[in-house]
Amino acid sequence: MGAAVRRLPALGALRVFEAAARRQSFKLAAEELHVTPTAVSHQVRLLEEYLDTRLFERQTRRVRLTAAGHALFPAVRDGLDGFERALETVRRARAPKVATLSSTVAFTARRLAPRAGSFRAEHPDWTLRLDATNAPVDLDADADAAVRYGDGHYPGLLVEPLFVDRFAPVCSPRLGLRDEADLRGATLVHFDWGPAARGDERAPVWRDWLARAGVGGVDADAGLSFTDEIHAVQATLAGQGVGLLSLTLVADELAAGVLVQPFALSLPSYRYDLVYSARAAERPATVLLRQWVGAAFGEGRG
């Protein structure tokens, strides 16, 4: 005995109904679906004729669901969501395996790029794509996850805390700094956070550190100033002065002895967090990135 034929209306009519019910407007549904309001009304009427019941109460500038429409809407919405997820799974299974991780330019250059090979070693059939940008990206469409630098508040996203950044004076050991008094004859290297961060205690500057350390007789504004954090790091690496730098961005050089942190005092700054959308949480690329970033930087291992 053959399988029973499904008695379902046209998928296009269900798609139009879901958009109109969600937006409570034929006009807005038409804009979303790139059709005319007349086409939306026609598809809804076909569905109502198929069901032999009204799904909407037509009003002057909006529509309202009837009791039948309210009963139908959740099932159609969830069904279309399921179709979308399944189609995305199939599409991704046939596409090249690429995991895209977005982060700030500085963190990508200083911490992620030097470790990119470890991702390939663990997952040789995957390509790691590092998207270096200081602007937030769409984590549903443009990246599978992101390491973001900020206050840890990212509405609409899932957040896995990594660590709090800290800033301290660092320099080449060739400069021979031994105590705070040596700063009076040193060139200070500054990172200019820009107008948006000025006055924010999470954006430390030399004036903050010198005040906390109780060091006087040092011009807190003199020296070399850079608007790009990587350039401030490079100047410090070249021995051009003492930089008040992110200990995260120079962790490898401190571990290797290329740079030294002559004074224990460090100031807290912003947080690093791994973030991703709820829709992407179980995506294979996102799962791999969560594991890789967590192993490298989770639990305070910045």
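Author: Helix α1 packs against helix α3 (residues 37–51) at an angle of about 110°, with the axes 9 Å apart. Axes here are lines fitted to C-alpha atoms, for helices over the stretch in contact, and angles run from 0 to 180 degrees between N-to-C directions. Helices are DSSP runs (H or I, at least four residues), numbered from the N terminus. α1 is therefore roughly perpendicular to α3 (65 to 115 degrees). The crossing of α1 and α3 is left-handed: the near helix is turned anticlockwise from the far one by less than a right angle.

This is a predicted model, where local features need pLDDT of at least 70, side-chain atom pairs count only at pLDDT 80 or more, and totals for chains, interfaces and linings use all residues. Residues are numbered from 1 along each chain as its sequence is written, and side-chain values use heavy atoms, with hydrogens and water left out.

On the α1 side, Gly12, Ala13, Leu14, Val16, Phe17 and Ala20 meet Val40, Gln43, Val44 and Leu47 of α3 (contact means heavy atoms within 4.5 Å). By class, this contact has eight nonpolar, two polar and no charged residues.

Now the other partner. α1 (residues 11–23) and α2 (residues 26–33) have axes that come within 8 Å and cross at roughly 125°. α1 and α2 are therefore oblique to each other. Their crossing is right-handed. Arg15, Val16, Ala19, Ala20, Arg22 and Arg23 in α1 meet Phe26, Leu28, Ala29, Glu32 and Leu33 in α2. That contact divides into seven nonpolar, no polar and four charged residues.

Conventions: Helices (H or I, at least four residues) and strands (E, at least two) are DSSP runs, numbered from the N terminus. Angles under 35 degrees count as roughly parallel, over 145 as roughly antiparallel, 65 to 115 as roughly perpendicular and the rest as oblique. Ala, Val, Leu, Ile, Met, Phe, Trp, Tyr, Cys and Pro count as nonpolar, Asp, Glu, Lys and Arg as charged, and the others, Gly among them, as polar.
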